[in-house]
Amino acid sequence: WGFISFLSHFARIVCGVTKGAMLYNWETGLQPERCSDLGDVLGTEQIRHLCCRSGCTVIVLTSGKIFRRVDGKPPGQFPYFKEQKIHFAACGTSQVLFISAMGNIFQSQVNSKKCAKSLRGITLSKPQLFRSLSESNIIQVTCGNNHSLALSKDGQVFAWGQNTFGQLGLGTRGPLSCNTQTV
């Protein structure tokens with residue numbers, strides 16, 4: 001296996017792509033389910049990174065193009081980032097973060113409708129530049145359910161989002177009045 005991404009220990013969702021460009025999703029303890037043949041979609045392009053959450057998989061290619069698969073539909077090219085080359089993506093429950101070649105973070109909100117016990121109607125909003133970190137030269141991001149962390153080239157860690165259980169690492173719990181804060 002290569003390019004395997006774990007969503008979180010809560011959702012227990014895993015996605016992976018084989019050398020033969022087959023996309024699989026599975027829940028912990030269950031057998032992998034073949035979702036898509038990416039070879040037909042991606043052609044000869046190589047995958048740089050892969051991330052997933054329940055109902056959504058994001059694929060970053062070495063060319064900087066982004067493909068996404070939502071609601072079990074075949075993968076398609078993400079219609080944004082015509083001017084940006086993307087190097088990395090991270091999926092959370094409420095957002096997907098993208099890092100550009102220039103070290104900028106873009107954030108897409110994940111919108112979904114809960115039907116019975118499953119999520120349906122998942123869409124990703126148009127990515128917005130995360131302006132407060134645009135000068136920080138971000139090299140890595142990760143997402144939790146409703147919080148995110150970013151690492152800059154000079155070793156600074158930035159945290160934002162929900163802080164109910166102290167997951168931002170700031171020594172406090174509960175809501176904060178600022179958008180981002182260096183940890």
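Reply: Happy to. One term to start with: two strands pair if DSSP finds at least two bridges between them. By that rule, β5 (residues 47-53) and β6 (residues 56-61) pair in the antiparallel sense, over 6 bridges. Keep in mind that this is a predicted model.

Me: Nice. What sits between β5 and β6?
Reply: The two strands form a hairpin with 2 residues between them. Gly-55 lies in the turn and has a positive phi of about 85°.

Me: And which residue in β6 is the bridge partner of Arg-53?
Reply: That's Cys-56.

Me: How many residues of β5 are buried?
Reply: 6 of its 7 residues, so β5 is mostly covered, with buried meaning under 20% relative accessible area. For the protein as a whole, 42% of the 183 residues count as buried.

Me: Zooming out, how many helices and strands are there in the protein?
Reply: There are 17 strands and 1 helix. The accessible surface comes to about 10,200 Å², and carbon and sulfur atoms contribute 50% of that.

Me: New topic: Gln-77. Where is its place?
Reply: Gln-77 is in strand β8, which covers residues 76-77.

Definitions and conventions: Residues numbered from 1 in each chain as written. Predicted model: local features only at pLDDT ≥ 70, side-chain atom pairs only at ≥ 80, totals over all residues. Heavy atoms only, no water. Helix = DSSP H or I, 4+ residues; strand = E, 2+ residues; numbered from the N terminus. Buried < 20%, exposed > 50% of the residue type's maximum accessible area, 1.4 Å probe, protein only. Areas by Shrake-Rupley, 256 points an atom, 1.4 Å probe, with all protein chains shown as cover.
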